[in-house]
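Keep the sequence and the 3D view open while reading.

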Amino acid sequence: MSKHYTKEHEWISIAGDIATIGITNHAQEQLGDVVFVELPAIGKAVTKGGDAAVVESVKAASEVYAPVSGEVVEVNKDLEGDPALVNREAEGAAWFMKVKLKDKAELADLMDKAAYDKFVAAQ
Amino acid sequence: MATAPETLLRTPLYDLHVKLGARIVPFAGFEMPVQYPTGILTEHNWTRSSAGLFDVSHMGQALLVGPDHATTARAIEKLVPGDVAGLAPGRIRYTQITNPEGGIIDDLMITRPAAPGDDGKLGIVVNASRKHVDYAWLSGHLPKGVTLEPIEDRALVALQGPKAAQVLARYCTKVADMAFMSAAQAEFDGVACAVARSGYTGEDGYEISVAADKVEAMVETLLADPEVKPIGLGARDSLRLEAGLCLYGHDIDEETSPVEADLVWSIGKKRRSEGGFTGAERITREIAEGPKRKRVGIRPEGRAPARENTVVINEEGRAIGLVTSGGFGPTVNGPVAMGYVETAYAAPGTKINLVVRDKPMPAQVVALPFTPHNYKR
């Protein structure tokens, strides 16, 4: 299992050809209190860089873009009733969706943890 | 040609905000705290249940100075539809500065000082974002003998919430018995200040004007009380939205009239019939005939918030209005919004749809406020 990060502050955990996607702890800190998460329909085909989900804090709505292309096979229903889970466990229990990867080569563009931490520190 | 970066101003409490761990954002030309480490939800709920302290020193404080109350009131009444002449000493009025087309240049509080020695003076507090526009407009339209005197050496803080009165009474005598929308000169631990029982949260509370070099000590004293926590602009916005209060530049602007904005309650009865203020033609006509559109409360049925500029459509899909403020109401525990709809759709209970991310989302027009006002009676 490998974990990757994007400049849009998402994390992607890979197990076989399934990518579990969420937003990073840094992202939830920046957003503040999360009050609503809109998740894609199961079966939806997402394209790298395209819309995948929406996360709303008290202040604003933010798009979550798909970090990889593929088909949504599962979404985290817990976030509908408890959006604040994103603030508590952004990089664990508050995963957003699982996507069946279309092209593993897309993972090559993503950052590892060390690179992501450096990216965040530089911002 | 590149424009020079805007130089942001700081209030006298800036260093304290930073020390308290605030997240600072640019707002109306100032570097202001949007939230402290506990976050907007906690700050919002704290204000509704205890007492929240807000730095509102960015707002414009000024005096209108004339020879006597009748003269000063007559001068400002040409520029606002509120009843100022009838304001008793020590009372505050909410009104709007209107333009010739009946739109709103700004909304403001006007205070008639209680002290007989201040006869002829009126205190005003205007929005930070409109301060310069307001001052230029007022200076250009006041008659000879009545002058605008901006106050630049005073800070302004608001203490809001059900415990505000018991907290402030520890340091200021007299304040517990003050009526809502009244003002008094007081001393806070021996420091002269002007206290108004008013606010922008829907809760009981005060706004306290004090010398800029004395405000930090006052705020430190208040924050040492267990009932008081600092509150940023984020919660200020969610609190006022739930309270159904307008934010200038969003819910009201130079196009919207006080009638469309459902602020007719703030227009004096005599003034409605007599007119004599800028923009009276449109405003009195709209009072008589009804406005084309009206500001309403909007409650989305689902959990998704509808933000500013969300299009409102009717059940047939035709655009009938626009959301002007919208977000999540922590006390309501759900999304809340306000906006303008065609008058035919303005009755509470009317079913509407909000276009959120290209999808119609069912919602209902509701009466404002979303949370009952908790003002001192």
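**Strand pairing and a helix residue**

In chain A, strand β3 (residues 18-23) pairs with strand β9 (residues 97-101) in the antiparallel sense, over four bridges. The model is predicted. The points below take the chain A sheet, then the chain B strands, then a residue of a chain B helix.

**Chain A sheet**

- Ile18(A) has Lys100(A) as its bridge partner in β9(A).
- Six strands of chain A form an open sheet with antiparallel pairing, in the order β1-β2-β3-β9-β8-β5.
- β1 (2-5) and β5 (45-46) of chain A are the edge strands, and each pairs on one side only.
- In general, the strands of a sheet pair through backbone hydrogen bonds, in either a parallel or an antiparallel sense.

**Chain B strands**

- Strand β14 (residues 293-300) of chain B runs antiparallel to strand β17 (residues 334-342) of chain B, and six bridges join them.
- Val296(B) has Gly339(B) as its bridge partner in β17(B).
- β14(B) is also joined to strand β19 (residues 359-366) of chain B, by four bridges and again antiparallel.
- Gly297(B) has Val366(B) as its bridge partner in β19(B).

**Glu274(B)**

- Helix α8 (residues 269-274) of chain B contains Glu274(B).
- Is Glu274(B) buried or exposed? Glu274(B) counts as exposed because its relative accessibility is 57%, and the cut-off for exposed is over 50%.
- Thr284(B) is ten residues from Glu274(B) in sequence, and their C-alpha atoms are 9.1 Å apart in space.

Technical notes
Residues are numbered from 1 along each chain as its sequence is written. Chains are lettered from A and ligands numbered from 1 in the order in which they are written. This is a predicted model: local features need pLDDT of at least 70, side-chain atom pairs count only at pLDDT 80 or more; totals for chains, interfaces and linings use all residues. Side-chain values use heavy atoms; hydrogens and water are left out. Helices (H or I, at least four residues) and strands (E, at least two) are DSSP runs, numbered from the N terminus. Buried means under 20% relative accessible area, exposed over 50%, partly exposed in between (1.4 Å probe, protein chains only). Two strands pair if DSSP finds at least two bridges between them.
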